[in-house]
Amino acid sequence: MSDFTLTAASLEAAMPVFHRYGLHDASDAVLATALRTSAPELTAQFPSRELLVHHAILADMERQKREHKELYAQYTTAVERLYGLLQLGLRDLAAVPGQFYVDLQTGFPQTWDAVMDHLNSYSAPQLQQLLNDGIRSKLFRSDINIQLVTKVLIEQLNMLLNPQVFPPDRYNMREVFRSIFLYYIRGICTDDGARIAAEHFARL
């Protein structure tokens, strides 16, 4: 039995391969090369494609969390942090083919459930905290309903990822993302918040 074990950090290297070739069509050989191992070693640790995809997606979630910590260290205001999160989201979305989420939903339901759980257990509380911080610092309007706005943002993301609403072959997903999120966020800002947002908005 081999002692070889792929770490979560090394599994992140599988994501570009899945984006390029597809979750089903990426070969074990290409994946093994990206992960700096051999196909037999890869198969020994991940006997099924479902298991490999699941752990690669979990590793990518941890990568996102690390980037969020770095972002929070860079920006101090809630508006800057929220727009920074949007920028990271736009960047990640640009790297993901539209068919990727369709294949994930239909072919890997357990992993899709993990993605949805991540939204509810991590992304939603993160948004609520940012909105709270922004209200306290008078950058977001004090009359917004934090739970409702958070719910709207999460449902907007679900709508974005729904191929029946926005078929990826008909819509530019970056433009959809921009139209759904950026103008909405600017609308919940106070005048002071909007001034801060304007600078970041121009870069997106």
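I worked on a 1 Å grid over the protein atoms alone, where a pocket is an open set of points with protein on both sides within 12 Å along at least five of seven lines, a cavity is a set of points where a 1.4 Å probe fits but cannot get out, and lining residues have an atom within 4 Å of a point. The model is predicted, so that local features need pLDDT of at least 70 and side-chain atom pairs count only at pLDDT 80 or more, while totals for chains, interfaces and linings use all residues. Residues are numbered from 1 along each chain as its sequence is written, and side-chain values use heavy atoms, with hydrogens and water left out.

Pocket. I found 39 residues lining the largest pocket, with Gln64, Gly89, Asp92, Tyr101 and Leu157 nearest its centre. Among the elements that give two or more residues to this lining are H5 (49-74), H6 (78-95) and H9 (146-160), helices being DSSP runs of H or I of at least four residues, numbered from the N terminus. H6 gives the most, with 9 residues. By class I noted 26 nonpolar, 7 polar and 6 charged residues, where Ala, Val, Leu, Ile, Met, Phe, Trp, Tyr, Cys and Pro count as nonpolar, Asp, Glu, Lys and Arg as charged, and the others, Gly among them, as polar.

Cavity. I searched the whole structure and found 1 cavity of 30 Å³ or more. Its lining includes Leu93, Tyr101, Asn162 and Phe166, and H7 gives the largest share, 3 residues.

Conventions:
Grid points are joined across faces, edges and corners, and a volume is the space filled by probe spheres set on the points.
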